[in-house]
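Here is a short walk through one protein chain. Please keep the sequence and the model in view while reading.

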Amino acid sequence: MSETITKNIPEITPAEWELMRIVWTKGAIVSRDLIDMLQAKRDWSDSTVKTLLRRLVNKGLLTTEKEDRRFIYRATISEIDAMDDSSQQLFDHLCAMKKGQTLLHLVDHTTLTQSDIAALQDLLAKKAASAPESVECDCLPKGFGDGCEC
């Protein structure tokens with residue numbers, strides 16, 4: 001079984017994810033452009049966007065650089081690292097017995113490319129070679145119950 005590694009990225013709120021996705025897509029962006037783009041998607045005031053920017057800078061997820069009278073923002077982490085860390089933190093809180101069901105639901109409700117599906121099939125084939133018949137519940141400490149009601 002592979003070891004799980006998280007980078008302990010600070011929690012990103014749903015509103016912060018929207019802002020970060022724009023920064024990741026653009027690479028570097030001035031605050032005015034970022035505000036305009038977010039306002040095209042959401043009915044947010046300039047001060048709301050500036051508050052989100054300040055929070056993300058304080059969390060260390062964005063850097064800011066002043067150029068003339070403009071502020072340029074860049075992400076300090078990659079989008080894939082943030083997504084991996086966020087999903088790993090979520091899965092760390094789930095019952096071990098139900099993680100497979102959750103993955104099935106995610107795959108069923110996610111649009112995947114042909115190459116995504118091929119990569120999943122390859123990975124599942126490799127995992128199948130050493131997969132256990134069942135996974136034990138990890139909700140209760142050992143010795144505190146005769147089985148799981150999960």
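The crossing of helices α2 and α3 is right-handed. This is a property of a predicted model. Two packed helices are described by the angle between their axes and the distance between the axes. Here helix α2 covers residues 31–41 and helix α3 covers residues 46–58; their axes cross at roughly 115° and come within 10 Å.

Which residues make the contact between these helices? On the α2 side they are S31, R32, L34, I35, L38 and Q39, and on the α3 side D46, V49, K50 and L53. Sorted by class, the contact has five nonpolar, three charged and two polar residues.

Several of these names return in the largest nonpolar core, which has 22 residues. The residues with the most contacts inside this core are L19, L34, L38, V49, L53, L61 and L62. Helices α1 (14–26), α2 and α3 are the elements that give two or more residues to the core. Of these, α1 gives the most, with six residues.

L53 links the two descriptions, as a member of the contact between α2 and α3 and as one of the core residues with the most contacts. Setting aside neighbours within four places in sequence, L53 is in contact with L19, S31, L34, L62 and Y73.

S31 belongs to helix α2. Is S31 buried or exposed? S31 counts as buried because its relative accessibility is 17%, and the cut-off for buried is under 20%. With neighbours within four places in sequence again left out, S31 is in contact with L53, F71 and Y73.

R70 and S31 are 39 residues apart in sequence, and their C-alpha atoms are 7.2 Å apart in space. R70 has a relative accessibility of 43% and therefore counts as partly exposed. Beyond its neighbours within four places in sequence, R70 is in contact with V30 and E65.

The last step is to look at the whole chain. The protein chain is divided into domain 1 (14–75) and domain 2 (96–131). Taken over C-alpha atoms, the centres of domain 1 and domain 2 are separated by 34 Å.

Conventions. Residues are numbered from 1 along each chain as its sequence is written. This is a predicted model: local features need pLDDT of at least 70, side-chain atom pairs count only at pLDDT 80 or more; totals for chains, interfaces and linings use all residues. Side-chain values use heavy atoms; hydrogens and water are left out. Axes are lines fitted to C-alpha atoms, for helices over the stretch in contact, and angles run from 0 to 180 degrees between N-to-C directions. Helices (H or I, at least four residues) and strands (E, at least two) are DSSP runs, numbered from the N terminus. A crossing is left-handed if the near helix is turned anticlockwise from the far one by less than a right angle, and right-handed if clockwise. Contact means heavy atoms within 4.5 Å. Ala, Val, Leu, Ile, Met, Phe, Trp, Tyr, Cys and Pro count as nonpolar, Asp, Glu, Lys and Arg as charged, and the others, Gly among them, as polar. Domain bounds come from an automatic or database domain assignment. Buried means under 20% relative accessible area, exposed over 50%, partly exposed in between (1.4 Å probe, protein chains only). A nonpolar core is a set of buried Ala, Val, Leu, Ile, Met, Phe, Trp, Tyr and Cys residues joined through side-chain atoms within 4.5 Å.
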